[in-house]
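Please look at the sequence and the structure before reading on.

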Amino acid sequence: MISANLLAVFYLISGVLFILALRGLSSPETSRQGNLFGIIGMAIAIGVTIISVENFSTGFLYLIILLLIGGSIGAFIAFKIPMTAMPELVAGFHSLVGLAAVFVAISAFLNPEVFNLGFQGNIKIASLIEMSLGVSIGAITFTGSVIAFLKLRGIMSGSPITFIGQHYLNLILGIAVVVLIFYLCKTQSTNLFWSIIMISFILGILLIIPIGGADMPVVISMLNSYSGWAAAGIGFTLENTALIITGALVGSSGAILSYIMCKGMNRSFFNVILGGWGATDQTSLSKTKEQKPVKNGNADDAAFLMKNASSVIIVPGYGMAVAQAQHALREMVDALKKNGVKVSYAIHPVAGRMPGHMNVLLAEANVPYDEVFELEEINNDFANCDVAYVIGANDVTNPAAKSDPQSPIYGMPVLDVEKSKSVLFVKRSLSPGYAGIDNDLFYRDNTLMLFADAKKMTEEIVKNL
Amino acid sequence: MEIDPFIFRLSIFILSIFIGYYVVWSVTPSLHTPLMSVTNAISSVIIVGAIIAALAGDNGNILDTANIFGFLAIILAAVNIFGGFLVTQRMLAMYKKKKKDKK
């Protein structure tokens, strides 16, 4: 037997361990220890909960079996997943948290006695509000993450889906949820509870479909935040400190990441959420520009340029991830270093499809993390650098963001690659990037375009070095 | 007059948001992906609710609708806990310093 007070103390310890887990991520050296704290915290929370329920009959057997089933599925995914697929994995995992929150809330609604929430048909009003908020946010997180997953996986097109009156429809649905919660408190009707869940499911889908593929970093961070708030809502219902602390931590973490991503694109959060970027009339503009001459190079030229350089900065982007070019890239850098070339990596905050995506891929290819720099740290170095090797990035290098107030990305912080003596641009074609904006950099005198798959081109260069 | 326990929980909640705010700003940007996977793993602590939902109130009929939803939530949360922590561990193991481990 474990007293309610002791139980609460253990949950508090779990919460503190979770804080330490996040704290550990302030540097790569302490991060592994942090993860261990997280695991211990989780083990404590699960362990004391099982003891407190004190049910070692058939139910306990089911619990162990289900934990093993779920655990092995999770472990299998964790070991098998390629690092390039991290964004969709995280989106998929968010959907599970959302759905779990919905299930727990349904269970609490159907059987409130076990959670001390009152009796069916007579649940405490406060619990009912907390429960409905938790279930609603959880349901939005679930369907929203499923859509994000489908878009990231390429099963669904990344282009925004918009229709007239979309935002009003979302607004009406949002208001409907609030109104239904109000009536649920008055009538305690089961049907109203189910309606709240259904409307929230629909709302989750509608919220994510208008957001384009390039804005995925914001979407993932936002859903991360939602999953936290859902957990906190359930935590209030169950009066569980560990859940409340964790929910608040995760909620604010996701919110901060969304903010950082929005700032990286110089867009307001609402601008991203309301969506529809990339479906603009930029195509006509870029067509006329494509007539301009570009300098076309091959792997031999690129190898020659880089071999004779004294410093090279590599700018990776989503294209590198798609082509799985990180290992070839690292080979190229090793060869350059043997020639006495100083090499560093420049990462734009929104490079890739989720926060920190490029860093993980480079780490996977054994690139030491102290050679990898953030935008503010390295941007001044481009002026003194001989070659900038842009691999799979585009919009984040576009000088129009600094010079052309007409450009949709005007004001977005960009990497000053054009300041380096020469720019090597690995790209499959001249097509504009995800934002659908033509890049002036392609036509500059000091730019050499390398039209090829990022991986093949990098491998070719390695051969020529 | 007594203070409603809700207020205490609300205080914990608000203070935790502030802790989260400061802790997350100190996370280095290169670890933002592991941050997302680990926050995902810890938010699966919702499993405690699932366990109570699944096991408590056992009156001979463990396969009550309410219990079944609890059991389903346990599977989902377990996938997340193991998947989240292990994939984080796998990622963090790749972050190495220069010179160490030169192959």
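This is a predicted model: local features need pLDDT of at least 70, side-chain atom pairs count only at pLDDT 80 or more; totals for chains, interfaces and linings use all residues.

Residues are numbered from 1 along each chain as its sequence is written, chains are lettered from A and ligands numbered from 1 in the order in which they are written, and side-chain values use heavy atoms, with hydrogens and water left out.

**The contact between the chains**

Chain A gives 100 residues to the contact and chain B gives 79 residues, where contact means heavy atoms within 4.5 Å. Together the two chains bury about 8,200 Å², and 78% of this lies on carbon and sulfur atoms. Buried area is the accessible area (1.4 Å probe) that two parts lose on being put together, summed over both. B:Met36, B:Ile46 and B:Arg90 supply 9% of the area that chain B buries against chain A, more than any other three residues.

Between chain B and chain A there are 15 residue pairs in polar contact, both residues being at pLDDT 80 or more. A polar contact is a pair of N or O atoms within 3.5 Å; within protein, one must be able to donate a hydrogen and the other to accept it, and residues adjacent in sequence count only if both atoms are side-chain atoms. On the side of chain B that touches chain A, α4(B) provides the largest share, 25 residues. Helices (H or I, at least four residues) and strands (E, at least two) are DSSP runs, numbered from the N terminus.

**The nonpolar cores**

The largest nonpolar core has 193 residues, of which A:Ile314, A:Tyr389, A:Ile461 and B:Ile74 touch the most other members. Such a core is a set of buried Ala, Val, Leu, Ile, Met, Phe, Trp, Tyr and Cys residues joined through side-chain atoms within 4.5 Å. Buried means under 20% relative accessible area, exposed over 50%, and partly exposed in between (1.4 Å probe, protein chains only). Leaving aside neighbours within four places in sequence, B:Ile74 is in contact with residues including A:Leu63, A:Leu66, B:Ile47 and B:Ala50.

**Charged side chains**

The structure holds 9 salt bridges over all chains, a salt bridge being a side-chain nitrogen of Lys or Arg within 4 Å of a carboxyl oxygen of Asp or Glu. The count between chain B and chain A is 1.

| Residues | N to O distance |
|---|---|
| B:Arg9 and A:Glu239 | 3.5 Å |
| A:Lys402 and A:Asp416 | 2.6 Å |
| A:Lys419 and A:Asp416 | 3.3 Å |
| A:Glu460 and A:Lys463 | 3.5 Å |

A:Lys402 lies in helix α17 and A:Asp416 in the loop between α17 and β7 of chain A, so their pairing ties together parts that are 14 residues apart in sequence. A:Asp416 is buried at 8% relative accessible area, whereas A:Lys402 is partly exposed at 37%. A:Lys402, A:Asp416, A:Glu418 and A:Lys419 are linked in a network of salt bridges.

A:Glu460 and A:Lys463 are separated by about one helical turn because they are 3 residues apart in helix α18 of chain A.

Is A:Glu371 buried or exposed? A:Glu371 is buried, with a relative accessible area of 6%. Its side chain makes a polar contact with the side chain of A:Lys337 (2.8 Å).
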